[in-house]
Amino acid sequence: MDINAILQMLHANRFEAASVILFVVGLGGMLFNRSLFKKVVSMGFMDSAIFLFLTSAGYVEGRLAPIIADPAVTATMEVYSHPLPAGLVLTGIVVSVSFTAFGLALTQRLYKKYHSLNIDEIMMQAQKSED
Amino acid sequence: MIALEYLLLIGLIVCAVAANFTRNLLPTILIYATFGTMLSVIWLLLKAPDLAITEAAVGVGIDTILFLLAIRSMRHFVGTGDEK
Amino acid sequence: MKTPVWYQKLLRWTEGDSPVLPEPAAHREQTREPAAEESAYESGPGLLSASAGRVRNVLLRVITIASCAVFLLIMLATVAYLPRFGDADNAPENETSRRYIEQGMQEVGATNLVTNIILVYRGFDTYGESCVLFLGATAVIMLLAVDAKNTTEEDRRVLARSDALDRENRNQILGHITTILMPVILLYGLYILCNGHLSPGGGFAGGSILGGALILCENGYGVGKVHSFFGHRIYHVVKVGALILYAVLICYTIYVGANGLPNVIPLGKPGSILSAGIILPINVAVGLEVACTMYAFYTYFGRGDL
């Protein structure tokens with residue numbers, strides 16, 4: 001398969017492709033950043049990547065947002081885009097905020113104890129005090 | 001419309017990459033807020049206005065406040081230096 | 001009657017006086033030799049010498065990058081074979097979506113179909129999410145509250161100093177702008193909260209905006225102003241009350257729906273503000289819960305107290 005066909009397929013699924021790249025960037029950030037704070041931020045990026053992937057599955061070209069404009073007219077499937085992925089993602093966004101707050105609280109406690117955000121240094125000091 | 005979509009998607013990826021390469025933590029937070037704003041425009045393009053409003057209020061507003069408060073309280077102590 | 005040992009241990013653990021297994025750790029604490037430990041630590045972990053450790057580090061880094069790249073390629077290849085973005089016959093195009101779109105308004109009553117799904121069709125799911133928020137706030141309070149066990153004397157001093165600094169530099173401009181902005185923000189938040197079944201928004205977005213309004217109030221007017229109408233007691237009553245109201249409404253919906261009973265709450269005329277049965281009260285409950293949670297996040301991160 002030549003590169004042009006692949007690019008065309010990626011263009012057709014541009015939101016999914018972008019979300020996959022975002023996910024890997026967030027994963028790399030979580031693996032390579034030594035700062036706990038940046039690990040929490042990278043986790044936020046990974047969350048958003050998953051949300052983007054899910055929501056793009058619900059989009060249908062040329063259809064309206066899933067809010068019924070005129071209650072008198074019977075709604076049909078062909079007018080509105082899928083509401084189900086949006087509903088699932090709405091739950092996810094709020095849970096991700098919860099996670100962010102919890103992660104930051106843990107980070108702050110670790111900082112209070114070890115006076116550092118660097119995970120290596122924290123591990124070193126923790127090992128030292130444990131031995 | 002497709003140009004706008006590409007602009008926003010590439011902007012998202014650039015933000016996510018750039019957040020890892022800042023020396024201080026404050027720019028990271030600002031980049032995160034930019035990311036959230038662009039994401040909320042993308043939700044509008046994807047015909048999910050509920051998500052757009054929630055993302056703008058929660059993902060941009062509350063998250064940014066939490067991050068700012070977290071670095072504020074970490075700055076009080078010795079040896080902070082905003083380590084990478 | 002003698003209380004069992006495990007119960008005493010549990011009691012001690014919940015009191016936070018000692019870890020679960022205090023005896024061996026305390027024993028080791030006394031017998032260890034700091035100097036020997038120090039030198040053992042400097043020679044690096046394990047048997048590796050310093051250069052070998054560096055080589056291992058570089059190797060690990062390369063392996064991690066490579067596995068990330070491979071993961072990215074695999075995922076991109078998968079994405080290329082997914083159904084076309086925006087096509088009508090995508091995965092969510094099934095009878096579930098059809099039911100939600102075509103009969104959602106008649107069955108539940110809200111014109112915003114997403115609200116129908118998250119609050120009624122999948123209400124149990126969203127209730128779990130509210131509990132996650134509640135637990136998140138509880139965990140943050142446990143971790144960051146300023147009390148005798150969490151805080152040292154130095155922390156207290158630092159906190160008092162920053163409080164005094166904040167009070168000295170109370171910003172006049174911020175206060176005036178808060179006076180101008182506050183009604184608008186409150187109105188917007190309440191609109192989004194109460195129109196969750198008619199327009200985009202709902203409990204989560206409206207609740208966060210209300211929480212943001214509380215945060216702005218505290219910043220502009222000072223803590224005392226917020227405490228005058230939103231103290232500890234009101235916070236706990238509102239938060240727990242909203243969650244309980246939500247639980248009762250969800251239980252009612254599930255009981256009625258599972259047993260095929262008639263719903264006594266009228267659905268009303270779709271499109272008007274007093275319609276959609278239980279959705280409006282649930283939205284208000286969720287909004288209050290979220291507003292309380294966001295404000296609690298703010299205060300515990302900032303001051304360590306409500």
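Colleague: How many residues of chain B are in contact with chain A, and what makes a pair count as a contact?

Modeller: In this predicted model, 34 residues of chain B are in contact with 40 residues of chain A. A pair counts because its C-beta atoms, placed from the backbone, lie within 7 Å.

Colleague: Which elements of chain B give two or more residues to the side that touches chain A?

Modeller: They are helices H1 (2–18), H2 (25–45) and H3 (49–74) of chain B. The largest share, 13 residues, comes from H3(B). By residue class, the side of chain B that touches chain A divides into 21 nonpolar, six polar and seven charged residues.

Colleague: Why is the span of helix H4 of chain A called close to the expected one?

Modeller: H4(A), residues 84–114, has 31 residues. Just after H4(A), His115(A) takes a positive phi of about 55 degrees.

Colleague: What elements make up chain C?

Modeller: Chain C has 13 helices and zero strands, and its elements run α-α-α-α-α-α-α-α-α-α-α-α-α from the N terminus on.

Colleague: What share of chain C counts as buried, and what makes a residue buried?

Modeller: The share is 30% of the 306 residues of chain C. Each of these is called buried because 20 or more other C-beta atoms lie within 10 Å of its own. Among the contacts in chain C with a separation of 6 or more, 70% come from residues 24 or more positions apart.

Notes: Residues are numbered from 1 along each chain as its sequence is written. Chains are lettered from A and ligands numbered from 1 in the order in which they are written. This is a predicted model: local features need pLDDT of at least 70, side-chain atom pairs count only at pLDDT 80 or more; totals for chains, interfaces and linings use all residues. Helices (H or I, at least four residues) and strands (E, at least two) are DSSP runs, numbered from the N terminus. The expected span of a helix is 1.5 Å times one less than its number of residues. A residue is buried if 20 or more other C-beta atoms lie within 10 Å of its own, exposed if 12 or fewer, and partly exposed in between; C-beta atoms are placed from the backbone. Two residues are in contact if their C-beta atoms, placed from the backbone, lie within 7 Å. Ala, Val, Leu, Ile, Met, Phe, Trp, Tyr, Cys and Pro count as nonpolar, Asp, Glu, Lys and Arg as charged, and the others, Gly among them, as polar.
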